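Good morning. Please have the sequence and the structure open while I talk.

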Amino acid sequence: MNQLLHIIWDPSIGIQIGSFTLRYYSLMYVIAFSMGFYLMSKIFKKDNEDQKLLDPLFIYMFLAVIIGARLGHVLFYQKELFIEDPLAVFLPFRTKPEFQFTGFSGLASHGAAIGIVISLYFYNKKYLKRNLLWILDRIVIPVAIGGMFVRLGNFFNSEILGKPSDLPWSVLFMQQDVHEYGERVSRHPAQLYEAFGYLILFFSLVFIYFKTNKKKFLGWIFGYFLIVLFGIRFIVEFFKEPQGEEYINWFGLNTGQWLSIPFILVGIYILLTSKNRIYSSK
């Protein structure tokens with residue numbers, strides 16, 4: 001491999017504010033949730049929905065993303081943590097082999113997706129009292145751009161690395177975990193591939209919602225989102241290194257790809273049947 005062809009990536013861990021360090025990964029989450037709140041306020045305004053319902057929506061979404069993503073990671077990639085260090089499953093630190101503050105690291109997007117759907121079911125039942133697909137068709141817009149910021153955070157953290165590559169845009173991650181990924185070599189910037197895909201998805205969702213009549217077919221936008229987002233995830237997985245313990249690795253496909261397939265199939269079904277669900281106001 002020609003090691004002359006790569007970009008060297010060696011960022012600081014965050015922004016120093018006095019004795020406090022605001023880590024870039026955490027900052028990306030702050031930006032994602034802030035932008036999500038702003039976008040949903042615009043969407044609620046367009047749909048003449050009560051703006052007071054945004055605050056509980058923010059709380060439901062925050063808990064769904066953090067809890068769902070964390071549980072998803074442990075269930076899909078690190079099951080042994082339930083036995084070895086159960087407190088670390090839910091809290092931002094580990095107790096073994098020694099106590100260490102880790103932040104909420106180890107988050108899985110598939111778990112977050114499941115958490116969001118479950119959380120919005122209860123939110124909708126208590127506050128909106130509409131067809132669940134109504135809010136799902138709208139929440140996916142901020143979720144798409146939020147996913148982009150999360151992957152940028154992974155890039156800053158030098159995690160979820162791509163496979164070795166000698167392409168001119170390959171990246172040499174100077175802060176990579178050598179214990180986890182082995183020899184330090186230039187790699188595909190898989191985080192940026194995924195981030196760029198989510199950015200394109202976000203713009204397409206904005207166009208579909210604001211410029212077409214697709215939102216009148218309940219589930220069309222949500223189904224489209226599932227197909228495209230997890231299609232992107234499926235493709236990018238070919239360029240990634242394994243994430244933790246690969247419990248599912250069949251026929252050349254890894255855990256992330258097998259977990260993406262059901263979401264894609266559900267998305268196809270919801271989109272194709274959306275013509276039978278014409279939206280009517282409350």
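I start with a term: two strands count as paired if DSSP finds at least two bridges between them. Keep in mind throughout that this is a predicted model.

With that term, look at strand S2, residues 14–17, and strand S3, residues 20–23. Four bridges join S2 and S3, and the two strands run antiparallel. Which residue of S3 is the bridge partner of Gly14? Arg23 is. S2 and S3 make a hairpin, with two residues between them.

Next, the nonpolar residues. The largest nonpolar core has 58 residues, and the members that touch the most others are Met40, Phe44, Leu57, Leu120, Ile139, Leu205 and Phe225. The elements giving two or more residues to this core are H1, H2, H5, H6, H8, H9 and H10. Helix H6 gives the most to this core, namely twelve residues. As for Leu57, beyond its neighbours within four places in sequence, it is in contact with Met40, Phe44, Leu120, Tyr123 and Ile139. There is also a second, separate core of six residues, which includes Trp9, Phe155, Val171 and Phe173. As a general remark, in soluble globular proteins nonpolar side chains tend to be buried together.

Now the charged residues. How many salt bridges does a search of the whole structure find? Seven. One of them is between Arg151 and Glu194, with the closest N and O atoms 3.1 Å apart. Arg151 is in helix H6 and Glu194 is in helix H8, so this pair ties together parts that are 43 residues apart in sequence. Both Arg151 and Glu194 are buried.

Glu237 takes part in two salt bridges that I want to show. With Arg233, the closest N and O atoms are 2.6 Å apart. With Lys240, the figure is 3.1 Å. Glu237 and Arg233 are buried, and Lys240 is buried too. Arg151, Glu194, Arg233, Glu237 and Lys240 are linked in a network of salt bridges.

Stay with Arg151 for a moment. Its side chain is also joined to the side chain of Asn154 by a polar contact of 2.6 Å. Asn154 sits in helix H6, residues 132–156. Is Asn154 buried or exposed? Buried means under 20% relative accessible area. Asn154 has 2% relative accessibility, so it counts as buried. Not counting residues up to four places away in sequence, Asn154 touches Tyr25, Glu159, Ile160 and Gln191. From Asn154 to Ala195 is 41 residues in sequence and 9.9 Å in space, C-alpha to C-alpha.

Arg187 is another buried residue, and it too has 2% relative accessibility. Arg187 lies in the loop between helix H7 and helix H8. A polar atom of the Arg187 side chain is 3.1 Å from the backbone oxygen of Gly162. The Arg187 side chain also makes a polar contact of 2.6 Å with the side chain of Glu241. Among the residues in contact with Arg187 beyond four places in sequence are Val171 and Phe173, both of which are in the second core.

Last, helix H10, residues 255–273. Its 19 residues reach 28 Å from the first C-alpha to the last, close to the 27 Å expected. At the N-terminal end of H10, Asn254 is the cap, with a side-chain oxygen 3.2 Å from the backbone nitrogen of Gly256. The buried residues of H10 include Leu259, Phe263, Ile264, Ile270 and Leu271. That is my part of the meeting.

Note on methods:
Residues are numbered from 1 along each chain as its sequence is written. This is a predicted model: local features need pLDDT of at least 70, side-chain atom pairs count only at pLDDT 80 or more; totals for chains, interfaces and linings use all residues. Side-chain values use heavy atoms; hydrogens and water are left out. The expected span of a helix is 1.5 Å times one less than its number of residues. Buried means under 20% relative accessible area, exposed over 50%, partly exposed in between (1.4 Å probe, protein chains only). A polar contact is a pair of N or O atoms within 3.5 Å; within protein, one must be able to donate a hydrogen and the other to accept it, and residues adjacent in sequence count only if both atoms are side-chain atoms. Contact means heavy atoms within 4.5 Å. A nonpolar core is a set of buried Ala, Val, Leu, Ile, Met, Phe, Trp, Tyr and Cys residues joined through side-chain atoms within 4.5 Å. A salt bridge is a side-chain nitrogen of Lys or Arg within 4 Å of a carboxyl oxygen of Asp or Glu.
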